[in-house]
Amino acid sequence: MLKPWLPGFLLLAAIWGNSFFFIKVAVESLQPLQVSFGRMAIGALVLLLAVLLSGKRLPSDPRLWGHFQIASIVLTTLPFTLFAYGEQYVSSVVAAIWNATTPLCTLAFTLLLRTEKATRGRVAGLGLGFAGVMVVLGVWQPMAGGQLGGSLACFGAAACYGLGGAYMGRFITGRRPEPPVVLAAGQLLSGTVQLAVITLLAGVPLVDLHAPAPVWWSLLGLGGLGTGVAYLLLYWVQVRAGVTTTSTVTYLLPVFAAISGVVILGEHISWNQPAGALVILAAIALTQRTRRIPTPQPAPDSDSPTARA
């Protein structure tokens, strides 16, 4: 029987998977900082509207806002910019594959922080995931142009998500009475302010009014859907399907990214990229046998819509 939450689940995977397509289109005309600021600001507006319509309020605890500032650095400001930078040199499909390593990065940091116990299954999963990364990277062959730097930037973004998830799990998750949508809005607001300051200090305009229409549509899709609406959809699916089932959306993101990247953008895929992706997903499955991978959420967990590309 068709599960009632399945259409929402697939829509969530499609939105997050196509975030890499939107980034690729945007970086053709905008600088990475402009892309990350634009998606952040639009996503924050969407979640603020959701907070207002739900009759809730933003947190008033200054210590929580301090945590938001730290979390925003590793969950939004850095990874958003790194993905935008990386997709100047690698395809949207490759970026999506690197993003799929987020659960493994999260597990690695939780083990380093000793918030979870190292077991044979988890260590084996991390080792297998590292092997998958090497296959995706194609370490046996030279990489042309900035492909190596672009891949490392995307992998660095996934590592940021992993560190951010471990930080949120230790200092905020389960300790605050605020609902997730409020925490997500606070985090995105903090990140928007950070990126506004950084972008201006770098001498880059916040908005490029001369950008072509496809770029503006991409920013709306990236910020409004991938960074805003996706979180609300995630919460809807999670309530009906559960945390563990919802977390498996990670497996589908490279599939949707490949469809839009190859069919619309005409990107080329080397054999080692899907092969490495399968190894990475097998590693994630291995770690999930002994651990619940955090569900993608902007504030409480590492795999948030803010962490989804």
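This dialogue goes through some features of a predicted model, one at a time.

Reader: What kind of model is this, and how are its residues numbered?

Author: The model is predicted, so local features need pLDDT of at least 70 and side-chain atom pairs count only at pLDDT 80 or more, while totals for chains, interfaces and linings use all residues. Residues are numbered from 1 along each chain as its sequence is written, and side-chain values use heavy atoms, with hydrogens and water left out.

Reader: What average pLDDT does the chain have?

Author: pLDDT is the predictor's confidence in each residue, from 0 to 100. Here the chain average is 83, and 86% of the residues score at least 70. Over residues 292–307 the pLDDT is below 50, although in the model this stretch has 76 contacts beyond near neighbours in sequence. A contact means heavy atoms within 4.5 Å.

Reader: How many helices and strands does the chain have?

Author: Helices (H or I, at least four residues) and strands (E, at least two) are DSSP runs, numbered from the N terminus. This chain has 13 helices and 0 strands.

Reader: What share of the residues is buried?

Author: Buried means under 20% relative accessible area, exposed over 50%, and partly exposed in between (1.4 Å probe, protein chains only). Of the 309 residues in the chain, 55% are buried. As for surface, accessible areas come from the Shrake-Rupley method with a 1.4 Å probe, and for residues only the protein chains shown count as cover. The chain exposes about 13,200 Å², of which carbon and sulfur atoms supply 69%.

Reader: Is Ala44 buried or exposed?

Author: Ala44 counts as buried because its relative accessible area is 3%. Ala44 is found in helix α3 (residues 32–53). Leaving aside neighbours within four places in sequence, Ala44 is in contact with Leu188, Leu189 and Thr192. From Ala44 to Leu189 there are 145 residues in sequence, but 5.7 Å in space, C-alpha to C-alpha.

Reader: What share of contacts joins residues at least 24 apart?

Author: Among contacts in the chain between residues at least 6 apart in sequence, that share is 87%.

Reader: Which residues of helix α12 are buried, and which helices do they pack against?

Author: Helix α12 covers residues 253–263, and its buried residues are Leu253, Pro254, Ala257, Ala258, Ser260 and Gly261. These buried residues pack against α1 (6–17), α2 (19–26) and α5 (92–99). Take Pro254 of this helix: Pro254 is buried because its relative accessible area is 12%. Leaving aside neighbours within four places in sequence, Pro254 is in contact with Ala96, Ile97 and Ala100. Pro254 and Ala14 are 240 residues apart in sequence and 9.7 Å apart in space, C-alpha to C-alpha.

Reader: At what angle do the axes of α2 and α10 cross?

Author: Axes are lines fitted to C-alpha atoms, for helices over the stretch in contact, and angles run from 0 to 180 degrees between N-to-C directions. The axes of α2 and helix α10 (residues 213–241) cross at roughly 145 degrees and come within 8 Å. On the α2 side the contact is made by Ser19, Phe22, Ile23, Val25 and Ala26, and on the α10 side by Pro214, Val215, Ser218, Gly221, Leu222 and Gly226.

Reader: What classes of residue make up this contact of α2 with α10?

Author: Ala, Val, Leu, Ile, Met, Phe, Trp, Tyr, Cys and Pro count as nonpolar, Asp, Glu, Lys and Arg as charged, and the others, Gly among them, as polar. The contact of α2 with α10 has 7 nonpolar, 4 polar and no charged residues.
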